Amino acid sequence: STGIPSGLLGARAAHIQIALADGRVLLAGGERSSFPFVPLATCEIFDPVAGTFASAPSMHFARSFAHAARIEGGRVLVTGGQGLATDGVRLIFRADAEIFDPAAGTWTLVGSRMEAGRSAHFTAATAAGDVGVGAIPLIDSFAAYADASVSSGVMFSTVSARRMVAS
């Protein structure tokens, strides 16, 4: 054995890769790596100690070029990305978000939407528990994330990037 993992359970590109609190890595969404490039909702978890990949529950919506941040309780907030319109053909920029709870193995839709759909953006957590979501490379404004409690969900609101940095 070479110690090199055998590979993903399914080929994907433009996906999320984020370290979970326990050291495993969540790989979520993305798109098939061959034409036609269709966004994916499927997920898997890589265990670097065992060198293995395991299936994980799929997100509610397929999304490629989405972004994620680890939030309170070891959960993962996934924002935006490109998805398919209701016609199943056109690509759209998603304005919604979902939270993955690795302890429960579940995805929960966020109760509110960002002001605008985003793709190839950033999502960054602060020590205070807020998460900024913004465009790259120009940041005019971003959605602030505030988690009142696990049961009440998430609220998005648009704030000035300068004001957020100054406070």
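In which loop is the place of Arg94? Arg94 lies in the loop that runs between β8 (91-93) and β9 (97-101); strands are DSSP runs of E with at least two residues and helices are runs of H or I with at least four, numbered from the N terminus. The model is predicted, so local features need pLDDT of at least 70 and side-chain atom pairs count only at pLDDT 80 or more, while totals for chains, interfaces and linings use all residues. Residues are numbered from 1 along each chain as its sequence is written, and side-chain values use heavy atoms, with hydrogens and water left out.

Of its 167 residues, 40% are buried, where buried means under 20% relative accessible area, exposed over 50%, and partly exposed in between (1.4 Å probe, protein chains only).

Arg94 itself counts as buried because its relative accessibility is 9%. Its side chain joins that of Asp96 in a polar contact of 2.6 Å; such a contact is a pair of N or O atoms within 3.5 Å, and within protein one must be able to donate a hydrogen and the other to accept it, with residues adjacent in sequence counting only if both atoms are side-chain atoms. The charged end of Arg94 also sits over the ring of Phe61, 4.1 Å from the ring centre. The criterion for this arrangement is NZ of Lys or CZ of Arg within 6 Å of the ring centre and within 35 degrees of the ring normal.

In soluble globular proteins, nonpolar side chains tend to be buried together. A nonpolar core is a set of buried Ala, Val, Leu, Ile, Met, Phe, Trp, Tyr and Cys residues joined through side-chain atoms within 4.5 Å. The largest one here has 15 residues, and those with the most contacts inside it include Ile16, Leu26, Val76 and Trp107. At least two residues of this core come from each of β1 (16-19), β2 (25-28), β3 (43-47) and β6 (75-79). A second, separate core has nine residues, among them Ile71, Leu77, Ala97 and Val110.

Aromatic rings of Phe, Tyr and Trp (its six-membered ring) pair if their centres lie within 6.5 Å; planes under 30 degrees apart are stacked, over 60 edge-to-face, and the rest tilted. The count is two aromatic pairs. Phe46 and Phe53 form a tilted pair, 4.8 Å centre to centre with 40° between the planes, and both Phe46 and Phe53 are buried. Phe100 and Trp107 are likewise tilted, at 5.0 Å and 40°. Phe100 counts as buried because its relative accessibility is 1%, and Trp107 because its value is 8%.
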